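Hi everyone, thanks for having me.

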Amino acid sequence: MRRFLIFLFLAAGASAAGDDRTNGLAQFSGALERLAATVAPAVVQVQVSAWCASMPANGEDVASLKSCRVVGSGVIVDASGYIITNEHVVRNARRIRVMLTPKPDHSEDGLAPSGKRQELDAVIVGANREPVGKRQVLDAVVVGASRDTDIALLKIEASGLPTIPIQQRRQGPRQGQVVLAVGSPEGLDNTMTIGIVSAVGRQPTPDFPMLYIQTDAAINPGNSGGPLLDAEGELIGINTFMLSETGRNQGLGFAVPAAVVRYVYEQLRTRGVVRQSLVGVLVQTVTPGLAQGLDLSRGYGVMISDVLPGSPAQAAGLLPRDILTAVDGASISALPYYNAMMSLHDPAVPVDVKVLRGQETLHFQIPAVAVDDRYYRDASIDLHESLISDLGIFGKALNSTLALGLGLRSDTGVYVVATTRRA
């Protein structure tokens with residue numbers, strides 16, 4: 001990032017030494033100022049009172065539960081009050097409130113002499129001149145949420161709101177592209193940072209089920225759910241998480257691509273859930289070490305690691321160690337491609353699957369089970385319905401759909417979501 005700014009500075013100096021009207025760096029700065037004033041009112045702070053799981057300690061396998069406050073970000077995508085944020089921001093929420101960012105308004109500056117207005121503008125400008133106590137804060141409800149993509153859709157009762165629409169983009173993100181992140185890092189609302197697209201189609205670990213946009217724009221706790229924008233202010237992603245050894249920004253931020261956000265938004269807006277076709281298999285990435293250890297015929301791709309008992313996959317004849325080569329005619333090279341194909345598949349028709357078993361290619365037609373994000377709600381914590389006080393746990397009664405969605409080998413019993421105290 002430092003090299004990028006140095007390059008801009010040198011280029012600006014070479015093209016227009018001392019002339020701000022033609023100075024490239026000044027033009028770039030002015031463009032960012034105008035962009036900030038345009039997009040900031042469409043970005044909100046999301047304030048959540050929730051039940052949070054603390055990290056297991058002293059050899060415990062299950063997290064304990066405590067009341068907590070979560071602060072994240074969101075982007076208004078529809079003027080009637082629909083807001084996109086991260087699922088993990090609103091998970092197990094008891095109450096969700098949204099603080100709107102005011103539009104820049106200089107009307108009250110007329111109360112001060114013109115000289116004083118200039119002094120004020122040098123200190124407090126734009127949306128940040130509005131005291132927090134005067135900000136509009138509205139209750140929000142969850143329309144739907146997708147845990148797999150970490151996207152949630154909220155609704156507030158308002159109209160005529162400024163928006164950053166999710167548009168069908170002609171071109172995807174590009175490595176080296178200048179991007180802006182907007183949100184509430186550490187609760188500091190209306191914060192903008194700048195960086196570049198470090199990589200596209202990034203899979204943080206081999207078994208991660210999603211592909212992300214990687215950016216070096218500063219992203220910290222509280223940025224989750226905020227927009228990642230291009231230089232024209234168009235949404236290219238929703239900031240989701242960072243990789244850090246310190247818990248603070250290290251230039252490794254990740255955003256859900258806009259194409260995924262758009263698909264999930266349309267599903268949540270129309271159905272309240274995101275539908276996915278499942279056949280009852282667990283899958284993992286094939287690595288050279290795994291292939292050598294299991295004596296697989298291929299050292300890359302996606303392998304079936306387990307076939308759930310009583311599932312359509314078991315009935316069709318799929319086996320652990322089968323390597324998936326195609327789903328519905330599309331080649332499968334990594335986990336995100338498999339997940340995408342199963343999300344796009346119509347559960348009313350069988351899934352066309354090809355696998356490599358040893359040196360033999362086999363073809364299967366497998367009936368699909370439609371599972372949507374209702375199982376996300378089924379696996380979430382309800383303080384009154386989920387509490388089993390005698391055992392000190394929050395649990396959910398298992399059924400076949402919940403077991404299939406969670407990838408469990410049994411569909412009977414109680415699924416432990418969290419504990420209330422140490423065992």
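Let me begin with a question: is Arg269 buried, partly exposed or exposed? Arg269 is partly exposed, with a relative accessible area of 33%. For those new to these words, buried means under 20% relative accessible area, exposed means over 50%, and partly exposed is in between, using a 1.4 Å probe and protein chains only.

Before going on, a word about where this comes from: it is a predicted model, where local features need pLDDT of at least 70 and side-chain atom pairs count only at pLDDT 80 or more, while totals for chains, interfaces and linings use all residues. Residues are numbered from 1 along each chain as its sequence is written, and side-chain values use heavy atoms, with hydrogens and water left out.

Back to Arg269. Its partner in a salt bridge is Asp78, and the closest N and O atoms are 3.5 Å apart. Arg269 sits in helix 5 (residues 258-271) and Asp78 in strand 2 (residues 65-78), so this pair ties together parts that are 191 residues apart in sequence. Helices (H or I, at least four residues) and strands (E, at least two) are DSSP runs, numbered from the N terminus. Asp78 is partly exposed too, at 22% relative accessibility.

What counts as a salt bridge? The rule is a side-chain nitrogen of Lys or Arg within 4 Å of a carboxyl oxygen of Asp or Glu. Searching the whole structure turns up eight of them.

Here is another: Arg97 and Asp139 meet through their side chains, at 3.5 Å from N to O. Arg97 belongs to strand 4 (residues 93-99) and Asp139 to strand 5 (residues 137-146), so parts 42 residues apart in sequence are tied together. Arg97 is partly exposed at 29%, and Asp139 is partly exposed at 45%.

Now for a buried pair. Arg135 and Asp189 form a salt bridge at 2.6 Å, N to O. Arg135 is in the loop between helix 4 (114-121) and strand 5, Asp189 is in the loop between strand 7 (178-183) and strand 8 (191-202), and the two are 54 residues apart. Arg135 is buried at 9%, and Asp189 is buried at 16%.
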